[in-house]
Each structure stands twice: as C-alpha cells, then as structure tokens.
Amino acid sequence: MSPAIVGIRMWCELASAGPMASFRRDPHNAAGGEGGAGGGRAVANGPLGPVLAPAPGVVPDPTSAPGLVPRPAALQGYRDAGSGLSFTVHEFAELSDGLEVTLLDDRGWGMSRRGGTPDEILAELTVEEIARMVYMVLLPDWADVDHPLPPHLAAVEGSGGAQDWDLLVERLRAFGVVSTPAELMRIPRRLDLGDHLRASLATPAE
C-alpha cells in the first residue's frame with residue numbers, strides 16, 4: 001500500500017539581499033522583460049516594487065546563506081537597479097511513512113526599490129505579506145487576468161489552496177503516491193520560513 005499524504009508544507013527562504021535589477025520591461029527593447037530572455041513570469045507589483053517569479057528551473061540553492069548580488073551587466077529588457085531581496089519557495093508533500101516528496105522547487109519572487117537597504121525593506125515586511133506572496137507564486141501557471149480562478153479555487157486562494165492540483169497529482173504519481181485533486185485540497189497546509197528569513201524579519205514569526 002502506498003503511503004498517504006498527511007500534510008503539505010510550503011517553505012520560503014530569503015535567497016539573496018543586495019543590489020539587483022528591478023525587472024522592468026524596457027519599452028525600447030521588447031526582447032527582455034516579462035517572458036523575455038533571462039526573465040520570468042511577473043506575478044504582481046507589490047507595495048515595495050516590482051515582483052517577479054523566476055522562470056522554471058531557476059532555483060537558488062536553499063542551503064546557501066543570502067549574500068550580495070552583484071549588479072548585472074546591462075541586460076536587454078531590463079533597466080534600473082536598486083536595493084532588493086529575492087525569495088525562493090519550495091513545496092513538499094508530507095507522507096504517513098515520515099518521508100517528504102518535492103512537489104514544486106522552481107518558484108519564488110523578488111522585490112526591489114530605490115533608496116533603501118535590504119534591512120530597511122525587510123523591516124517593512126510582515127509574515128502575512130510573505131505568506132500572501134508565497135500563495136501567489138504557487139497559483140496555477142494558467143491563471144491570469146484572462147483566465148481567472150474557478151470559484152472552488154478562488155475561495156481558498158488566501159490559504160494556499162489555489163494551486164494546480166492536477167499537476168501535483170501527476171508529480172505524486174511519479175513517487176508512487178496515489179491521490180486526487182479533491183483529496184489534496186483537503187490536506188492540511190502550513191507555511192514554514194527558512195532560518196535566514198526568520199532571523200531577518202523585524203517581527204519574528206511565531
């Protein structure tokens with residue numbers, strides 16, 4: 001009998017802090033920016049500046065300590081440089097046999113602004129804001145303005161329940177774990193903050 005899923009763990013860590021490009025599309029060069037070379041999928045413009053989810057496969061090393069990101073050379077489609085932060089998000093299924101399997105490891109976002117240090121930006125962040133962004137980058141890739149979430153997903157968007165559960169079922173099947181989208185939606189979910197992020201927040205997570 002295959003192990004049962006007892007929990008879904010979302011994990012967020014501070015990947016880097018320091019100077020970074022602001023990921024704005026350059027109107028004079030459409031080759032870059034959102035969906036362009038070296039870019040990713042923009043998911044929101046938060047209160048602290050542009051926010052970007054990295055392209056699939058672009059995953060910072062979760063075991064490394066955040067460090068300064070050198071200012072990049074002039075990249076097509078990018079302009080402006082400021083102080084910023086980047087975060088990586090992984091998602092795991094916790095199994096009844098005590099093991100975890102990776103569901104997603106290619107999500108994350110960045111935020112930047114002019115005139116502030118990384119510490120000052122972190123001082124403005126709350127655990128609730130981080131949770132909101134984690135849930136946002138875990139949204140199905142097909143969800144956008146033209147393809148809104150169906151009601152059953154929109155109803156749980158604020159708790160991390162609005163995900164591409166069909167995709168995750170397929171990921172689990174590759175590990176020999178059998179489930180359905182409806183079952184996954186009912187599994188308890190929790191968000192864990194990485195050690196670097198937890199230590200950096202002005203108001204520590206409980």
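A salt bridge here is a side-chain nitrogen of Lys or Arg sitting within 4 Å of a carboxyl oxygen of Asp or Glu. By that rule, the count comes to 8 salt bridges. The structure is a predicted model, so local features need pLDDT of at least 70 and side-chain atom pairs count only at pLDDT 80 or more, while totals for chains, interfaces and linings use all residues. Residues are numbered from 1 along each chain as its sequence is written, and side-chain values use heavy atoms, with hydrogens and water left out.

One of these bridges pairs the side chains of Arg190 and Glu94, at 2.7 Å from N to O. Arg190 belongs to strand E6 (residues 189–193) and Glu94 to strand E4, so the pair ties together parts that are 96 residues apart in sequence. Strand E4 itself covers residues 81–95. (Strands, E, of at least two residues and helices, H or I, of at least four are DSSP runs, numbered from the N terminus.) Glu94 is buried, with a relative accessible area of 17%, whereas Arg190, at 38%, counts as partly exposed. For these labels, buried means under 20% relative accessible area, exposed over 50%, and partly exposed in between, using a 1.4 Å probe and protein chains only.

Helix H2 (residues 127–137) has 8 of its 11 residues buried, so it is largely enclosed by the rest of the structure. Among the buried ones are Ile130, Met133, Tyr135 and Glu129. Glu129 also meets Arg132 in a salt bridge, 2.9 Å from N to O. The two are 3 residues apart in H2, which means about one helical turn separates them. Glu129 has a relative accessible area of 17%, while Arg132 is partly exposed at 35%. Elsewhere, salt bridges that share partners join Arg9, Glu94, Glu100, Arg190 and Asp192 into one network.

Another bridge links Asp106 and Arg107, with the closest N and O atoms 3.1 Å apart, and both residues are buried. Arg107 turns up again in the lining of the largest cavity, along with Leu104, Leu138, Pro140 and Asp164, among others. Strand E5 (100–113) and helix H4 (165–174) are the elements that give two or more residues to that lining.

Key. 1 Å grid on protein atoms, 1.4 Å probe; cavity = no way out; pocket = protein on both sides within 12 Å on 5 of 7 lines; lining within 4 Å.
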